[in-house]
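The structure comes first, and the entries follow.

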Amino acid sequence: MALDRIFATRATRMKASEIRELLKLLDQPGILSFAGGIPDPALFPAQAFSKAFETALDSAHAGQALQYSVSEGYMPLRRWIVGHMARVGIACSVENVLITSGSQQALDYLGKLFLSPGDTALVGWPTYLGALAAFNAYEPRYDRLAINGNRAAGDYAEAAESAGGRVKFAYLSPDFANPTGETVDRRGREGVLDLGEALDCAVIEDAAYQALRYDGEAVPPILALEIARKGTIEDCRTIYCGSFSKTLSPGLRVGWAVAAKPVIAQMVLLKQAADLHSATINQMAVAEVAGHCFDAHVTGLRETYRARRDAMLRALERNMPEGVTWTRPEGGMFVWVTLPPGVDAGALLQRSLDTVRVAFVPGQAFFADGSGANTLRLSFSCADEAAIDEGMRRLGQLLRER
């Protein structure tokens with residue numbers, strides 16, 4: 001293509017998502033897939049959405065539902081989010097809420113807002129692949145966010161300055177993270193806040209899975225802990241990114257950001273330049289469904305996904321050979337598997353697809369430095385117990401034969 005010679009330099013940092021590519025495997029016959037970290041479509045509240053869209057398109061509402069709208073988002077939905085945030089300890093007003101096209105759009109906006117080329121983003125090792133994809137376009141340098149570690153803030157700052165920039169934010173998903181399924185304890189969350197203060201940087205809290213806790217004690221969100229310290233959200237550096245994708249519907253692409261008003265005001269300007277506003281009719285439908293059945297629906301999701309998580313942990317225990325370890329998540333959709341040193345999960349995936357017909361996500365793509373070749377991610381959200389048992393049996397057999 002002739003035009004590829006004049007693409008911006010940032011284009012060289014954009015890569016196809018391994019997860020998006022692996023989702024294509026779901027349509028292949030005979031594949032037992034634990035790859036896509038997606039909700040089970042059988043659990044969508046389809047009837048509730050059917051009624052909500054019917055209401056949105058009736059004569060009293062269609063003019064609003066099909067029209068341009070404000071960039072900040074549909075007011076009834078923003079009010080619902082304010083109430084939802086209050087239940088998890090985050091006191092805010094509608095002026096602190098921006099509706100986005102999924103929390104992925106919020107991550108893109110935050111990368112654009114904070115990162116100049118050469119600035120440093122602190123991320124986990126591993127971290128959410130979609131966050132790396134969102135930030136990459138803004139040409140950052142990555143450094144490893146050591147939670148509950150002993151690395152001093154000055155070490156981060158010195159490394160960033162030597163690379164020609166400064167630390168702009170720490171990004172983490174503290175509850176049942178994608179890809180590891182792990183949760184950051186309260187001490188770790190407080191430590192991230194301390195680090196943010198010492199470096200004078202933002203803290204981006206990706207809370208996509210927060211509602212999907214199956215056991216253990218809930219830990220307050222990072223933003224809630226910071227509000228408790230400072231008294232008001234307006235003095236906080238934490239930006240909370242939420243989503244309805246894992247609870248109600250990913251296809252409607254409705255998420256939100258909650259932050260101090262000056263941050264939201266800047267994000268609104270970015271949204272006006274990007275897409276003007278998220279689809280009004282989708283926001284109206286989500287507001288209607290969330291207002292009527294969010295808690296009851298999420299309770300049902302927890303029961304189903306808890307049983308599938310338990311089935312996967314039992315199947316791993318029965319079938320994995322010595323030297324293979326895995327996380328034991330308290331919620332979410334993922335189990336993170338570490339293979340013996342020297343086993344390449346990418347090569348293992350190809351063998352698996354060719355022989356035992358089991359799909360998973362190799363872990364290397366989740367590491368900003370390209371390490372982690374002997375790791376992989378399993379998702380249990382879309383598989384019943386029989387499929388989980390059979391899939392782990394096949395995968396364990398393959399690992400024994402390597």
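I looked up arginine 357 and found it in the loop between helix H12 (345–354) and strand E11 (358–359); helices (H or I, at least four residues) and strands (E, at least two) are DSSP runs, numbered from the N terminus. Its phi is near 60 degrees, a positive value in a residue other than glycine. I recorded arginine 357 as partly exposed because its relative accessibility is 29%; buried means under 20% relative accessible area, exposed over 50%, and partly exposed in between, with a 1.4 Å probe and protein chains only.

I noted that the model is predicted, that local features need pLDDT of at least 70 and side-chain atom pairs pLDDT 80 or more, and that totals for chains, interfaces and linings use all residues. Residues are numbered from 1 along each chain as its sequence is written, and side-chain values use heavy atoms, with hydrogens and water left out.

I then turned to glutamate 139, which sits in the loop between H6 and strand E4 (141–144). This residue is not a glycine, yet its phi is positive, at about 60 degrees. Glutamate 139 counts as partly exposed, at 21% relative accessibility.

Next I checked cis peptide bonds. The bond from tryptophan 125 to proline 126 is cis, with omega near 15 degrees, and proline 126 belongs to the loop between strand E3 (120–123) and helix H6 (129–136). The bond from asparagine 178 to proline 179 is also cis, with omega near 25 degrees; I located proline 179 in the loop between strand E5 (167–172) and helix H8 (186–199).

I examined threonine 100, in strand E2 (residues 97–100). Threonine 100 counts as buried, since its relative accessibility is 0%. Its side chain reaches the backbone nitrogen of tryptophan 256 at 3.5 Å. Beyond neighbours within four places in sequence, its contacts (heavy atoms within 4.5 Å) include Gln105, Arg253, Trp256 and Lys271.

Finally, I recorded how H11 (residues 280–319) packs against H13 (residues 385–400): the angle is about 30 degrees and the axes are 9 Å apart. H11 is therefore roughly parallel to H13, a term for angles under 35 degrees. Among the residues that meet are Arg308, Met312 and Leu316 in H11, and Glu385, Ile388 and Met392 in H13.

Technical notes
Axes fitted to C-alpha atoms, helices over the stretch in contact; angles between N-to-C directions. Parallel < 35°, antiparallel > 145°, perpendicular 65-115°, else oblique. Polar contact = N/O pair within 3.5 Å; in protein donor to acceptor, adjacent residues only side chain to side chain.
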